[in-house]
Amino acid sequence: MARFVLKDSFYKKAKQEGFRARSAYKLQEIQDRFHLIRKDDRVLDLGCAPGSWLQLLSQMVGGQGQVIGIDILPTLSLTAGNITTIEADIRKTDISEVLPGYAIDGFNVVTCDIAPNLSGVREVDDARIEELFEAVLQIVEAALKPGGSFIIKSFFTNVQKGITNALQERFVKVSTYKPAASRSVSSEVYFICQGKRGTELHSCI
Ligand SMILES: C[S@@+](CC[C@H](N)C(=O)[O-])C[C@H]1O[C@@H](n2cnc3c(N)ncnc32)[C@H](O)[C@@H]1O
């Protein structure tokens with residue numbers, strides 16, 4: 001059973017098309033539906049390893065665009081010249097310190113496909129999701145341009161309402177979307193946030 005679930009049609013397609021993970025097709029579906037990433041954009045990808053979103057983002061933004069990925073694990077290097085990867089834990093990271101030499105607040109899009117280690121104990125998992133979300137939100141506030149877009153993976157949990165509220169305060173439009181490439185057994189869902197608001201004060205979750 002486990003073998004069947006792991007090697008589904010998206011897994012095989014990713015192998016054939018040279019993507020490092022089947023997750024590439026989730027981002028492709030999001031892009032096909034919401035058209036958030038444009039040529040020449042600067043994109044920050046949080047939780048980027050093994051790198052299939054980086055591969056796809058690199059194609060989407062083209063040679064004049066830039067894609068920077070951050071992961072707690074090393075990301076095997078990719079050949080495209082518009083990709084840079086950084087090894088860091090985003091919960092313990094001051095974004096201005098890990099992006100030396102870059103315009104920190106100049107990203108058009110931030111993506112986040114991080115899956116926290118889930119224990120199966122609801123209170124523990126909610127706390128982990130919340131901690132991660134708050135760290136990501138801080139980075140988004142510092143790095144994303146006003147008007148920019150943000151894609152974040154989340155899970156159906158008790159803290160969902162707080163996450164939704166925090167996103168709605170910061171973005172003009174917030175949608176949830178479950179791509180076909182996301183396994184139906186998984187409770188993951190993506191928040192698609194469009195139009196980052198200006199610099200007024202916000203509460204956190
Ligand atoms: C589902 S994978 C991302 C797959 C990626 N989108 C792709 O297409 O290849 C989630 C990643 O989040 C990373 N991650 C988890 N916690 C993190 C943290 N605190 N800081 C940075 N990266 C983290 C994991 O190491 C893992 O590589």
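Modeller: Let me begin with a term: helices (H or I, at least four residues) and strands (E, at least two) are DSSP runs, numbered from the N terminus. This is a predicted model, in which local features need pLDDT of at least 70 and side-chain atom pairs count only at pLDDT 80 or more, while totals for chains, interfaces and linings use all residues. Residues are numbered from 1 along each chain as its sequence is written, and side-chain values use heavy atoms, with hydrogens and water left out.

Biologist: Okay, where does Asp-8 lie?

Modeller: Asp-8 lies in the loop between helix H1 (2-6) and H2.

Biologist: And is Asp-8 buried or exposed?

Modeller: Asp-8 has a relative accessible area of 17%, so it is buried, where buried means under 20% relative accessible area, exposed means over 50%, and partly exposed is in between (1.4 Å probe, protein chains only).

Biologist: Which side chain does the side chain of Asp-8 make a polar contact with?

Modeller: That partner is the side chain of Arg-22, at 2.7 Å. A polar contact is a pair of N or O atoms within 3.5 Å; within protein, one must be able to donate a hydrogen and the other to accept it, and residues adjacent in sequence count only if both atoms are side-chain atoms. A polar atom of the Asp-8 side chain also lies 2.9 Å from the backbone nitrogen of Tyr-11. Leaving aside residues up to four places away in sequence, Asp-8 touches Arg-22 and Arg-183, with contact meaning heavy atoms within 4.5 Å.

Biologist: Switching to helix H3, why is it largely enclosed by the rest of the structure?

Modeller: Helix H3 (residues 24-34) is largely enclosed because eight of its eleven residues are buried; among them are Tyr-25, Leu-27, Ile-30 and Phe-34.

Biologist: What do the buried residues of H3 pack against?

Modeller: They pack against helix H2 (9-17) and helix H4 (52-61), and also against the strands E5 (144-155), E6 (171-177) and E7 (188-196). Just after H3 comes His-35, which takes a positive phi of about 50°.

Biologist: How many residues of H4 are buried, then?

Modeller: Nine of the ten residues of H4 are buried, and that helix is mostly covered; the buried ones include Trp-53, Leu-56 and Met-60. Gly-62 follows H4, and its phi is positive, near 75°.

Biologist: What about the ligand, which residues come nearest?

Modeller: There are 19 residues around the ligand, and Gly-51, Ser-52, Asp-71, Asp-89 and Asp-113 come nearest, where a residue counts as near if one of its heavy atoms lies within 4 Å of the molecule.

Biologist: Last topic, the loops: is Ser-184 buried or exposed?

Modeller: Ser-184, in the loop between E6 and E7, has a relative accessible area of 72%, so it is exposed. Gln-64, in the loop between H4 and strand E2 (66-71), is exposed too, with a relative accessible area of 70%.
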